[in-house]
Amino acid sequence: MRLAPVSAWSLRALVVGIVLTLSACNATLAPGYDPELVSDLNAANEQALILFSEVSQGASTARYAALAPTYDALIGKFDALRLRAAAREVPDLGREIGARLCSDDDDPSGCVNASPGSLEAIVENFQKMKQNNQKNGLTPLEVKGLKNAYETSIEQVLLVETSLKS
Amino acid sequence: MSAINIEELAGAIVNALRGELTSGFNSVSAFARTQAKRLATQAALITEGRLSGQIDDDMLEFFDDQLKVMARNFARAMAERTIITLQRAWNAIVDTVWSSVNRALGAAGFGTVPVPVVPIG
């Protein structure tokens, strides 16, 4: 996906629109802060980092059976968090601003409710990790790459979600 | 003479904005540096894995695709954080102005004016 180029005209129109709409009003542009979501994210993050620590030297196919319940628990938890984040209401004005910043037909709210996309990436990361552990085992370098990808996504979610707290 | 000190109110607005925008900028710039480093690290890991054979073909393809998703989600998170900063900055201005108006009205024995809220949805 590429970010949509914003012309000078449309930027001016956007700013004027925002000013006219918001003048003399308290504004809500982004989804509301959800303390339970943040708390559950922190708990799931802790569990994920424990798993990465356990397999930092790699994980053979022989270890898969012991690790499978942890993979399933993490996939289930992060998928539930994705659904919870996606179900939040996005204010119309925020949705409009977000749509002008991102040209993504698959997820028009992606720039004003970014967490579901990052949580989806985390789910896919653990699904792939589980699949490869079972099939070929995981090398230390593969674990390193999976961990870096996971941390990139969880940082995105935590930055946005904690910023929503006023 | 106006019940509102214009110089004082303008100063209060600037102070409210400075707080919101400074904290928003600091948060976004630290995040951007960390994320950029993570993307560069991932690109280096993919290259190392390809050259050394320590990452199998299936996983390499996944990492290639995942890198694009990571970059897209980084941009989206930056966009949302910017929108949150815009929301906070605007509300800081409105709160400061309305507080000042209501203080002046209250001192003159008038009722206060509520700060309207944009309905969600």
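Modeller: From the N terminus on, the elements of chain A run α-α-α-α-α-α, that is, 6 helices and 0 strands. Helices (H or I, at least four residues) and strands (E, at least two) are DSSP runs, numbered from the N terminus. This is a predicted model, in which local features need pLDDT of at least 70, side-chain atom pairs count only at pLDDT 80 or more, and totals for chains, interfaces and linings use all residues. Residues are numbered from 1 along each chain as its sequence is written, while chains are lettered from A and ligands numbered from 1 in the order in which they are written.

Of the 166 residues in chain A, 40% are buried (a residue is buried if 20 or more other C-beta atoms lie within 10 Å of its own, exposed if 12 or fewer, and partly exposed in between; C-beta atoms are placed from the backbone).

Now to the core itself. A nonpolar core is a set of buried Ala, Val, Leu, Ile, Met, Phe, Trp, Tyr and Cys residues joined through C-beta atoms within 7 Å. The largest one has 48 residues, and those with the most contacts inside it are A:Leu29, A:Phe78, A:Ile122, B:Ala79 and B:Ile83. Two or more residues each come from H2, H3, H4, H5 and H6 of chain A and from helix H2 (57-107) of chain B. H2(B) gives the largest share, 11 residues.

Leaving aside neighbours within four places in sequence, B:Ile83 is in contact with A:Leu29, A:Ala30, A:Gly94, A:Ile97, A:Gly98 and A:Val112 (contact: C-beta atoms, placed from the backbone, within 7 Å).

Key: Contact = placed C-beta atoms within 7 Å.
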